[in-house]
Amino acid sequence: MFLPTTDEEIKARNLKSLDVILVTGDAYVDHPSFGVALLGRLLEARGYKVGIIAQPEGPEDIKRLGRPNLFFGVTSGNVDSMVANYTASRKKRKSDDYTPGGINNKRPDRAVIQYVNWIKQMFKDVKIVIGGIEASLRRFAHYDWWSDKVRKSILLDSKADILVYGMGERAILEIAERIAAGKSLDGISGTVIWKSSLESVNLKELPNIIHLPTYEEVANDRRKYAEAYRIMVENTEPLKKVVLVQKHDNRYVIQYPPALPLTQDELDELYLLAYTRRVHPYYLAKGPVKAIETVRFSITAVRGCFGNCSFCAITNHQTTHVISRSVDSIIEEVKILTKMPEFRGTIVDVGGPTANMFGLSCPVRNTKGQCLRSCLAPNVCKLSLSGESKNDATDEFIELLKKVKSIPGVKHVFVGSGIRHDLIFASKNADYIISSLVDFTSGQLKLAPEHAHPYVLKIMRKPSAELFLEFKKRFEEAAKRKGQKKYVIGYFIVAHPGEGEKENIYLREFIRKHLGYVPQQVQIFTPTPGTLSTTIYYTGFDPFTGEEIYVERRDKVRNALKENIINLL
């Protein structure tokens with residue numbers, strides 16, 4: 001059964017009330033790729049009665065399932081609402097893959113704040129927990145590109161009780177336990193709270209406290225903003241156990257250390273809960289939800305990413321701690337998929353943020369926490385290639401794909417999520433891995449070199465364009481030897497900090513000379529809260545080195561940089 005979304009469904013389950021009601025900006029898709037479904041099923045498995053209100057349309061809609069016994073959990077959904085609603089040119093998007101029928105008319109701007117306000121209108125004194133990507137990356141004072149100003153912590157703007165940042169399984173269970181027992185919500189790993197005074201916080205039990213520059217300071221001084229970002233990045237690490245405090249006017253935003261990553265057993269359990277892997281009929285009746293089509297027959301094999309790309313929020317949300325599921329668990333999930341009537345024999349993806357990080361486990365990161373240097377930039381740290389097997393750990397991903405393909409009913413297995421080709425080249429078995437990947441590519445292997453100019457790539461923390469070309473050459477040669485026509489295609493970003501007209505021309509000539517086609521996807525860089533690239537965009541310099549970096553902020557010019565690329569042929 002789906003988790004209930006209407007009063008009729010609550011009664012059908014013979015329930016008088018719900019313990020937790022989750023509110024989301026996405027349609028309710030009961031699949032582990034959707035955060036609300038995943039947390040809802042986990043709470044259910046621990047004995048809590050859970051309901052979901054997806055894409056509420058106003059305060060009255062919030063009343064649909066009644067008052068929860070414990071709390072409301074609020075998220076904008078899998079996508080930041082401002083990213084979902086606006087293009088990189090600040091124009092309103094017409095479509096939304098997470099809305100029935102695909103029309104972008106259900107998710108309000110700044111959805112987390114809006115949903116909390118609606119809840120407070122309908123229910124007084126109910127506990128409200130906010131989380132997900134939108135809340136997580138706005139937990140401190142942050143630059144907001146859409147309003148072009150520094151905003152306060154979303155916890156204060158929404159007036160919620162507590163914020164869960166990062167992957168929220170451990171935190172959400174502890175919050176439920178504490179509210180049920182009538183205990184304080186202070187001190188929970190992976191959460192942020194606010195206080196009017198620090199006197200109410202037991203500082204003796206929190207020896208590692210760092211005060212960030214205040215909201216007033218970061219809003220008026222870009223050097224202070226960069227300092228706050230650097231301190232936050234260097235100290236938001238579960239093994240360092242640092243508490244960060246940022247004063248906002250007469251209030252204090254307090255971030256407790258991140259929750260420890262799930263163990264492999266816990267991750268295995270999470271993805272084998274009782275998902276229907278379908279859109280709930282209440283929402284499906286309003287139209288198809290496109291987002292399910294790309295993940296319905298996909299497998300999450302790994303969580304976390306140590307890529308540390310400057311423009312990517314995954315590292316800040318899922319952390320650099322890479323946790324891989326067991327092969328047995330993955331095979332069990334594939335068997336579940338093969339029994340679904342809609343399954344036609346193809347597993348469209350086995351991966352995660354970076355698919356070929358499966359099986360990799362750094363001994364330093366696992367015991368002391370993330371190093372201050374990047375694991376992959378400017379070059380691959382050899383410790384990043386270590387794993388539990390005695391063989392080269394990068395082989396484990398290929399062996400996993402082969403085992404999945406051997407399951408009865410599976411005809412094809414593809415890698416649809418991103419891979420890091422620099423990791424492959426760092427392996428002693430690069431030729432074997434590249435040749436094997438040909439067999440798990442549907443026709444085009446998608447890579448994201450992101451740019452070609454060395455200076456821009458350095459700022460992005462991406463490998464050289466020459467390395468991309470070498471991988472492309474070797475992959476396509478391997479495909480030709482196997483009698484197959486398969487190719488590597490590239491994704492690119494323009495208007496990223498560091499790119500001006502000269503660097504854009506360099507990229508255009510690189511594509512013209514070496515690719516000979518217009519790339520399928522050229523994105524204009526969108527500054528989103530929480531990333532290094534956004535900090536550089538706002539401040540104009542690298543917060544770690546102090547190096548001044550050129551930033552193009554004019555929308556007309558940013559659009560022109562994209563046009564220069566897509567009109568090159």
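# Exercises on a predicted model

Four of the five residues of strand E11 (residues 251–255) are buried (under 20% relative accessible area, with a 1.4 Å probe and protein chains only), so strand E11 is largely enclosed by the rest of the structure. This is a predicted model, in which local features need pLDDT of at least 70, side-chain atom pairs count only at pLDDT 80 or more, and totals for chains, interfaces and linings use all residues. Residues are numbered from 1 along each chain as its sequence is written, and side-chain values use heavy atoms, with hydrogens and water left out. Helices (H or I, at least four residues) and strands (E, at least two) are DSSP runs, numbered from the N terminus.

## Exercise 1: one side of a helix

Work out which residues of helix H11 (residues 264–271) are buried, and how they are arranged.

Step 1. The buried residues are Leu267, Asp268, Leu270 and Tyr271.

## Exercise 2: a three-stranded sheet

Describe the open sheet that contains E18, E19 and E20.

Step 1. The strand order is E18-E19-E20, with parallel pairing.

Step 2. Why is one side of E18 (444–450) and of E20 (521–524) left without a neighbour in the sheet? Both strands stand at the edges, each with a single partner strand.

Step 3. From one strand to the next, the twist averages 25°.

Step 4. Strand E19 (residues 487–494) pairs with E20 in the parallel sense over four bridges, and Phe492 stands opposite Val522 in E20.

Step 5. Helix H20 (residues 465–481) packs on the sheet and touches E18 and E19 (contact means heavy atoms within 4.5 Å). The direction of H20 makes about 160° with that of E19 (axes are lines fitted to C-alpha atoms, for helices over the stretch in contact, and angles run from 0 to 180 degrees between N-to-C directions).

## Exercise 3: two packed helices

Characterise the packing of helix H10 (residues 222–235) with helix H22 (residues 532–539).

Step 1. Two packed helices are described by the angle between their axes and the distance between the axes.

Step 2. For H10 and H22 the angle is about 170°, and the axes are 10 Å apart.

Step 3. H10 and H22 are therefore roughly antiparallel to each other (an angle over 145 degrees).

Step 4. On the H10 side, Arg222, Tyr225, Ala226 and Tyr229 meet Leu532, Thr535, Tyr538 and Thr539 in H22.

Definitions and conventions
Buried < 20%, exposed > 50% of the residue type's maximum accessible area, 1.4 Å probe, protein only. Pairing = 2+ DSSP bridges. Parallel < 35°, antiparallel > 145°, perpendicular 65-115°, else oblique.
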